[in-house]
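Work through the exercises below with the sequence and the model side by side. Try each task before reading its solution.

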Amino acid sequence: MAAVDTETLLGGLTPEAFLRDYWQQCPLLIRQAIPGFVNPIDAEDLAGLACEEDVRSRLVIGYPDRRDWQVEYGPFRPERFANLPETAWTLLVSEVEQYWPPGPEWLQRFDFIPRWRRDDLMISYAVQDGSVGPHIDAYDVFLFQAQGRRRWQIQEPPPKSPICLPDLPLAILRSFTPTTEWVLEPGDMLYLPPGIPHLGMALDDDCMTWSIGFRAPAWRDLVGAFLEDRLDSVGPELVTDSARKPSRHAHELGADDLAALRDGLLARLRTEPDALHRFFGEFLTRPQTCDTDPETADDAASEPPRWDPKIAYRFDPSLRRYWIDGPDGPTLFLAGHAVPAPGLSLNEAESLCQADTVVPEQWATRLPGLVPVFRDLLAAGQIEPDEPADTGEAR
């Protein structure tokens, strides 16, 4: 990909100005964020992905004014697309960057926001009047118009207590009063922060919108995972009270007891910054859990993964890799594994996290702790022997 012109992407703003004035604050419409854009993915490519077993996809059918919404989840049979109505339907395919080889490179233009905040590239294809209804997202999103035209409406200020329609398969708002609207054409982009009610409507056939989402972890998930992490470090010892004094009231939780319990609990929750940073790195790179077909799992277990440290292995596109700099050098994080890398420069740490492939033997001397991690990743299906790609098209 040619050098990214971030200021054109952001409508003449520098990344610093965009983050200061718009990020998580207010919408921004950008005309011709990517001038002369030619859509490289057609409807057949997207429909093909939606027919694959491991791809998350859905069909949404319905008109906003009728509120007659239906939703179907993939994988789909190819004949399903031949039996759709002429208008008012949308196909959405998530995590396209994992299946379209140029996707990760295309997304690099958004690297002024760190990768740990990025969710995925979702592509929607709609015919005229296709929509998913008025709704609110819990994440930041750049809505890039790749093909056709789409009208976007938003409601500001957002309602204090939004209510969704009952008995529907989608979280569609009961009430939506648009205050601003724009029509986006190919190359245009709209940024929306979380919490803004919005509605997108395809104005013609062959409308394709690329959604680049940025999702943050929920505090309750972070706190829950931290408590689990701390629980693993707490031994089986009981609360002790060898210095106890006689109680005056048998049913009282006395001040001394409360203070001892409070101090003991806080001491076991307390952690040093380096250990806390390690927890963050492990938490933010954990693979997302998914259901596994038992028959598929048995087949996979019957064929041991190929391990040869001298060959190149390709990282699964969904595998999260980050690094944290510390007083003793960087620590690498791969799929929940932490690997101290004191001999690595920061540029080398970044390069390893960016790499598509890796040869384990090349790291055996410098970072011996990284090799068993590669073996674990291979066993988990998160790396595999590298095979040359056939084409640059979505599979």
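**Exercise 1: the sheet**

An open sheet of eight strands runs in the order β1-β9-β6-β11-β5-β4-β2-β3, and its pairing is antiparallel. Its edge strands are β1 and β3 (70-73), each pairing on one side only. Strands here are DSSP runs of E with at least two residues, helices are runs of H or I with at least four, and both are numbered from the N terminus. Two strands pair if DSSP finds at least two bridges between them. The model is predicted, with local features needing pLDDT of at least 70 and side-chain atom pairs pLDDT 80 or more, while totals for chains, interfaces and linings use all residues. Residues are numbered from 1 along each chain as its sequence is written, and side-chain values use heavy atoms, without hydrogens and water.

Task: find how β9 pairs with β1 and with β6, and how β6 pairs with β11.

Solution.
1. Start with β1 (residues 28-30). It pairs with β9 in the antiparallel sense over three bridges. L28 stands opposite Y191 in β9.
2. Go to β6 (residues 140-147). β6 and β9 are antiparallel, over four bridges. F144 stands opposite M189 in β9.
3. Now take β11 (residues 207-214). β6 and β11 pair in the antiparallel sense over seven bridges. D140 stands opposite F214 in β11.

**Exercise 2: side chains of β9**

Task: state which way the residues of β9 (residues 189-192) point, and whether they are buried or exposed.

Solution.
1. Recall the rule. In a regular strand the side chains alternate between the two faces of the sheet.
2. Apply it. M189 and Y191 point one way, L190 and L192 the other way.
3. Check burial. Buried means under 20% relative accessible area, exposed over 50%, partly exposed in between (1.4 Å probe, protein chains only). All four residues of β9 are buried.

**Exercise 3: aromatic pairs**

Task: classify the pair W106 and F110, then the pair F142 and Y191.

Solution.
1. Set the cut-offs. Rings of Phe, Tyr and Trp (its six-membered ring) pair if their centres lie within 6.5 Å; planes under 30 degrees apart are stacked, over 60 edge-to-face, the rest tilted.
2. A search of the whole structure finds 24 aromatic pairs. In one of them, W106 and F110 have ring centres 6.0 Å apart and planes at 45°, so this pair is tilted.
3. W106 has 8% relative accessibility, so it counts as buried. F110, at 0%, also counts as buried.
4. F142 and Y191 form a tilted pair, 5.1 Å centre to centre with 45° between the planes. F142 lies in β6 and Y191 in β9, so the pair ties together parts 49 residues apart in sequence.
5. F142 is at 0% relative accessibility and counts as buried. Y191 is at 0% and counts as buried.

**Exercise 4: two helices**

Task: describe how α5 (residues 219-233) packs on α7 (residues 273-285).

Solution.
1. Two packed helices are described by the angle between their axes and the distance between the axes.
2. For α5 and α7 the angle is about 120°, and the axes are 11 Å apart. Axes are lines fitted to C-alpha atoms, for helices over the stretch in contact; angles run from 0 to 180 degrees between N-to-C directions.
3. List the contact (heavy atoms within 4.5 Å). α5 contributes D221, L222, A225, F226 and D229. α7 contributes L276, F279, F280 and F283.
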